[in-house]
Amino acid sequence: LIERIASEHGIVLSQDDPVLMMHTLNEVLLEQNEKAHAELLSNYQAILEENFNRWCEYSTKKSNALINSSISNAQLTRDQFLESCIQLIDERIKSGEGQEIYELTRISRQAAIMNLFAAALVLVSAVLILVILS
């Protein structure tokens with residue numbers, strides 16, 4: 001440091017010069033600051049990791065609740081639809097009209113196709129949620 005100051009500024013400093021003391025003091029303070037910042041960053045990283053883990057747990061619980069709710073709603077809708085189809089079929093069978101029986105058969109097929117579609121939709125939504133959470 002003494003050589004650098006002498007070469008750049010043309011001034012020769014002695015070992016007991018206050019400028020050198022300030023330089024040493026600044027170096028010590030910089031080292032302490034570096035350690036303090038490293039500790040603060042480490043603490044911040046730990047907090048971030050903890051919050052991320054909490055968020056993962058929370059989102060997993062929420063997504064599972066959504067999946068269960070979707071499945072439950074799909075089953076309820078399917079059951080209601082099947083019940084209404086069965087009642088309609090029962091009424092049509094009792095009326096004994098051939099054309100209406102044919103129409104009911106067509107509606108039943110459509111109901112079966114809609115049930116398959118609803119089941120596939122629930123499966124796809126469950127897979128999408130699992131993929132998103134991964």
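Here is a short chat about the fold, the surface and one annotated stretch.

Q: First off, what kind of model is it?
A: It's a predicted model.

Q: OK, how many helices and strands does the protein have?
A: Three helices and zero strands. From the N terminus on, the order is α-α-α.

Q: And why is the protein described as more spread out than a compact globule?
A: Because its radius of gyration is 38 Å, well over the 14 Å that the globule rule gives for 134 residues.

Q: What does the C-alpha trace span along its principal axes?
A: About 120 × 25 × 15 Å.

Q: How much of the protein counts as buried, then?
A: Of the 134 residues, 10% are buried, meaning under 20% relative accessible area.

Q: And the accessible surface, what does that come to?
A: About 11100 Å², with carbon and sulfur atoms making up 62% of that.

Q: Switching to contacts: what share is between residues 24 or more positions apart?
A: 44%, counting the contacts with a separation of 6 or more.

Q: What about charges, how many positive and negative?
A: There are 10 positive and 18 negative ones, and their mean positions lie 18 Å apart.

Q: Last topic: which residues does UniProt list as "transmembrane region"?
A: Residues 112-133, and that comes from an unreviewed entry.

Q: What does the chain look like there in the model, helix or strand?
A: Residues 112-133 are 100% helix and 0% strand. The end C-alpha atoms of that stretch are 32 Å apart.

How values were computed
Residues numbered from 1 in each chain as written. Predicted model: local features only at pLDDT ≥ 70, side-chain atom pairs only at ≥ 80, totals over all residues. Heavy atoms only, no water. Helix = DSSP H or I, 4+ residues; strand = E, 2+ residues; numbered from the N terminus. Rg over C-alpha atoms; globule rule 2.2 N^0.38 Å. Buried < 20%, exposed > 50% of the residue type's maximum accessible area, 1.4 Å probe, protein only. Contact = heavy atoms within 4.5 Å. Areas by Shrake-Rupley, 256 points an atom, 1.4 Å probe, with all protein chains shown as cover. Lys, Arg positive; Asp, Glu negative; His and termini not counted. Charge placed at Lys NZ, Arg CZ, Asp CG, Glu CD. UniProt positions renumbered as here; feature names shortened; annotations may be inferred.
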